[in-house]
Each structure stands twice: as structure tokens, then as C-alpha cells.
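Dear colleague,

Please find the structure below, together with its sequence. My notes on what was found in it follow directly after.

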Amino acid sequence: MRQHRVPLILLAYLAIFPLGAVVPGVLGVLQKAASVFPEWLQVYLLWFTDTYLLNLMILVLMWVTIGSAWNLIAGYTGQVSFGDAAFFGTGAYAAGLLSTKLGLSAWWGFLVGGPLAVLVAFPFGWICFRLRGAYFALATLALNEVMRHIATIWQSLTKGMVGIMIMPTFVSKLPYYYIALGLAVLSIVCIEIVVNSRWGYYFISIREDQDAAESMGIDTHYYKMVSLCIAACLTGLAGAFWMNYNGSIDPRSVFSLHDISIMAILVGIVGGVSTTYGPAVGAFIMVAVSEVFRTGGFGMLEGLARMTNSPATEVVAKYVKEAHALSFGLLVIVIILFLPNGVVGDWPRLKRALWPWSGKKA
Amino acid sequence: MFFEAHHIVKHFGGLSAVGGVSFRVDKGEIFGLIGPNGSGKTTIFNLINGFHSLSHGEIFFEGARISGLKTHEICRRGIGRTFQVVKPLKRMTVLDNVIASAFLRSRTKSQAIDLAEETIEFCGLGPCRDKPAGGLPIASRKRLEIARALATKPKLLLLDETAAGLNHTELEEAIELISRIRTAGVTIIIVEHIMKVIMTISDRILAINHGLAITEGTPKEVATHPEVITAYLGADYVA
Ligand SMILES: Nc1ncnc2c1ncn2[C@@H]1O[C@H](COP(=O)(O)OP(=O)(O)OP(=O)(O)O)[C@@H](O)[C@H]1O
Ligand SMILES: [Mg+2]
């Protein structure tokens, strides 16, 4: 239980504080509660009472789900997927189509999206798990593109590039926040249970040495599929959530190689593969990083450009906004070079680098 | 009939690594398989446990045909193996390596842990059970191979050069372990280059060269067979 203490405290915090954003009176209580902490900390404690940050936090939580799922198949089972968007998009379209085609609530997507993503994963895995290593990774890349093209071309069903729009159920962000939080917790708990069971031992054995695993009596093909299907299901749920939260999807956004599939990989490796909380940390970092780039350092660069009237800064601001793909690439290189096991996996090393004096006592 | 390989053949492209070998193994015996480097011993193991598909021939185990089954199915039937080039699950502890294997014959995780701990003690790996398998010295890695195979409760165990690279005392311990495995009721086919080991523990030995059987018999018969001496030491030695 000790290793879960910090995450549980964080969870309690994440569960309570955003209430201050809407429920009247709660904000006052929270402010009072926060006032026992030093002043500089209070600002951060009351962060999530702000809707802008709440929105970012919803993204973080959604990425916790996707990243944890990716971590199961790629980190624990060693089958690196470059095509998580295939499952995410399937879940999102499942939710969207239930609403536009059947007139049901898009929330039913939570029931249908996961299984439908599994339905995509199952035949794919059955065929492609004969491939090993990089060949499997390439196949997932192909799956990603195939699914995107299907969603684009099958216009009678999906409206093609136009995509799907639904009316959001809630005006407030808070319900979405709690649903995302629930989904993230569900994923982490689910994966933690799986990893500590027979399945987990099998997954890790397959990652470590597939031939050894086979001759230990493990049906490696079957268990790779089990792992992929669990991951696909969770990713599909995240997709269904996204449809409900964002209200609009199109093939380019939900089947995006860069914004979904690569992002999932980044969340996984930045946080640390095959660690329980790695993807959660990775999600936080990656959403923050991409937000900084998307907004050009929260408008700082543009502000600077206006202040100094310098066209050069303006150009820089423009490029920084557009260069986030490049910056993601650089981030990966830095992580692989300096923290090959991610922030969580290399935490002892990172701690020593950040606070060199803290380890001296030991 | 406990185990029978019937005229097994394996071609790799133009090379015939195993060119039609037949042998039988009786329940409870230790059956030795010898031959110079590249003579096809490991390939025979790979054929038995389904890593390679047979080009020709058939393999029977406990009366049923097992050739054509998948590797994990063959393991489930009761044939365990070790690898000449050891394959530890590096980033798992020794205990976790063996637990992963023990799940095959356990319904629950606690049963698997019990079986794994028992097997680790049996193989004398107790002192390093919580160490990552990747950092073990070679003698322990070889033992881990055996422990992992034993945790699947095999009836037939294929040992591929588990004594290679061991020093004198480790060698004695390895022989002692193999005899204990036999006493526990496991039939063994053993491939070994070290004559001292194979001659002292085998009941019968099959000698092969270039993928073909030279002779089969008791250790003494095989050791004095002129073709075996030629294969191992060159034609000059006999003359
Ligand atoms: N997967 C493979 N593909 C092609 N050729 C192979 C393969 N495996 C083995 N061979 C060839 O088959 C022949 C027999 O190899 P094998 O490994 O069975 O020999 P061995 O008797 O185990 O030798 P050693 O004593 O060195 O372990 C060799 O010529 C080898 O190069
Ligand atoms: Mg060999």
C-alpha cells in the first residue's frame, strides 16, 4: 500500500478541489482549508477552481486513460503500438453515431465504444501478432491509417471529413471532469490488477523473451491479444468520452497519427513505461507541454512581440506555435538519452540530479 | 511407448541439419544425445518442442502424436526444455521468472508462488531468488533455465548443455541436481559436450554427426565406437 500513498492523496485532492469551481459556498470552505498552507501553495491548491485549468485537467485525465492503456500493451507486453488512434477514434465514432444515427444519447458510447474498439483490435491482433517487434509496430501504423480512411470514405455513415457534431449534455465542465477522473482511476486500477495477476506475469514474460515464454507453456499469441483487447477497450472508452466532451469529431482529429497515436507513446515513455503511475505523470507533462506550445507560452511570446514591436519575436511566436510536432520529437530524444525509463522509472536518478543534496544523508 | 522420434528430418534451405534420426526414450531413463558442434542436437530439441516444424517424420509422446502442435501445447502435454543459449527473463526477479512458469500448473497466484518457491529451493537458487535474472552469473542462469522448466511439472525434460561453462564444483552440483530430478520421476534427454557428465549420468546414449545417427547404446559402447571417436577426434586418432 505504501507505494500508492502519494497517488491516493493526490486523488483525494483532485476529487475535492474542483468542486470549488461551481458549488457555491464550497470555494469559501476550500479557501479556508487552503489557508493553513503557506501562501505560495494556496494559489496552486485553488488552481482547479478555474475553468481554464479544469479543461486542461480533463485532458490530462483523458490522457492518463489512453497512456495507461498504451503502457499495458507496449510497456508491459512489449508490443509497441503506433496506432492507438484506431481504437480512440472507433470509440469516439461509436458514441457519435449512436447519437446521429440511432438518436440515442452519446453517453451510450461508453457501453458500445469499448467493445467496438475490441472488435477492431481482435482481428487485427489475430493476424498481426504473428509479426514481431518493429513489424508489428508498422502494422499498427497501417491500422491507424486504414481506420482514418474508412471514417473519411464511408460518407453515408460518418459524413466523411465533415465529421460528427452533437449537443453537449452539460454546460459546466465539472461533470466531465469527474467522468474523466473516474475513467482514469478505473484504467489505473484495472491495469494494476491485471499486471499483478497471471496475465501480468504472462505479458511481462512475453516482453522479456517470447521464445522462453512459449516454452514455459504460455500461449503468446493469445495473451498478446488479451493485452491488446484490454488496451483497446480502455482507449475506446476514452474516445467515447472525447465525443461527449468535445461535441465534435472528424476523421483527422480522432484518427490523428500525431495528436493521438504519437501522443499516447509520448505520454507512456515520458512518464515511464511499465510503471503504474508513469502514464499519469506523462499525461500531466505532455498536456502541459503541448498547451505551452499551442498558446505560444500562454501568449507570452506574442505579448513580448507586441511590447518590443520586434518582428523577429513575432516570427518566433508564430513558429513556436506551429513547431510543437518538432518539439515533441526533441522531447523524445531528450527523454531517451537522459531518462530512458521515464520520469517515474528514473525517479531516483532524477531526484539526485534535481536535489543533489537530498541523497547525501543516506 | 513413452517417447519416440520417428525418422525426423529438418532442412534449412539446402542444408539438412537433421537427416532422418529415430530414437525411443523410456520412462524414467536419462537419454544422452552427443555429437560434435553443428551436428544437429539443438535442432532436434527445437523439433521436439515445436520451435521448428518437421520437414519429414513424426514425434510421439505418451502414445499421442505431438509433431505439429504449438510449442506451448507441447509444454502443456508435459515436455519442458532449457536453452543452450540461456533465455532469462532479464528484468524479472528469479522468483518471478519461475512464478510465470509455475502458473501453468496452478489455479491461483498463491499456488504458483508456492510451487515456484519449492522449485527454486530444489534447484538451489534460494540465495538469489529476489535478484533480477539479468544479473546472474552463468551457473545460476543455467539453474534458472532448469528451474523454469521444472516449474511446468514436465514428465520429459530436455536439457541442452546445462553444464557448459561451469567450473569443477559447479559441475559436480549440476550432476547432483540432474540425478535428483531423475529421482523425482522426470525422464530426461540430455545434450552435453562434457564427456564426464554425459558418461556418468546417461543410461543410454545416441551419437549423431552431420544430422545422422552414428550409433546408440550404453555409455561404454558409444564411447568405444570407432565412428564416434573419429567424429570427435578426427580420423587420425583411430589410425
Ligand atoms: N534456424 C536455423 N536456420 C538455419 N540453419 C540452422 C538453424 N538452426 C541451426 N542451423 C544449422 O543446423 C546445423 C545444426 O545446428 P545445431 O544448433 O542443431 O547444432 P548442435 O549440435 O546443437 O551444435 P552445438 O554443439 O554447437 O550446440 C548447423 O549447421 C546450424 O548452422
Ligand atoms: Mg546446440
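This is a predicted model: local features need pLDDT of at least 70, side-chain atom pairs count only at pLDDT 80 or more; totals for chains, interfaces and linings use all residues.

Chain B carries 28 positive and 25 negative side chains, and the centres of the two sets lie 7 Å apart. In this count Lys and Arg are positive and Asp and Glu negative, while His and the chain ends are not counted; each charge is placed at NZ of Lys, CZ of Arg, CG of Asp or CD of Glu.

Residues are numbered from 1 along each chain as its sequence is written, chains are lettered from A and ligands numbered from 1 in the order in which they are written, and side-chain values use heavy atoms, with hydrogens and water left out.

The overall form of chain B

The secondary structure of chain B consists of 10 helices and 10 strands (DSSP runs numbered from the N terminus, with helices being H or I of at least four residues and strands E of at least two). For 239 residues, a compact globule would have a radius of gyration near 18 Å, and the 18 Å of chain B agrees with this; the radius is taken over C-alpha atoms, and the globule rule is 2.2 Å times the number of residues to the power 0.38. Along the principal axes, the C-alpha atoms of chain B fill a box of roughly 60 × 40 × 35 Å. Of its 239 residues, 52% count as buried (under 20% relative accessible area, with exposed meaning over 50% and partly exposed in between, for a 1.4 Å probe and protein chains only).

The magnesium site

Which protein atoms are donors to the magnesium ion (ligand 2)? They are OG1 of Thr42(B) and OE1 of Gln84(B), lying 1.9 to 2.1 Å from the ion. Thr42(B) lies in helix 1 (residues 41-48) of chain B and Gln84(B) in the loop between strand 6 (79-81) and helix 3 (94-102), so the pair ties together parts that are 42 residues apart in sequence. Donors are N, O and S atoms within 2.8 Å of the metal (3.2 Å for Na, K and Ca), and water is not among the atoms, so sites may look incomplete. Thr42(B) is partly exposed at 24% relative accessibility, as is Gln84(B) at 32%.

Individual residues of chain B

Glu145(B), in helix 5 (residues 138-150), is buried at 3% relative accessibility. Leaving aside residues up to four places away in sequence, Glu145(B) touches Thr82(B), Phe83(B), Val86(B), Lys87(B) and Pro88(B), where contact means heavy atoms within 4.5 Å.

Glu161(B) sits in the loop between strand 7 (156-160) and helix 6 (168-183) and is buried at 7% relative accessibility. His210(B) belongs to the loop between strand 9 (204-209) and strand 10 (212-217) and is exposed, with a relative accessible area of 63%.

Chain A

Chain A comes to 20 helices and two strands. Of its 362 residues, 49% count as buried. Among contacts in chain A between residues at least 6 apart in sequence, 76% join residues at least 24 apart.

With kind regards
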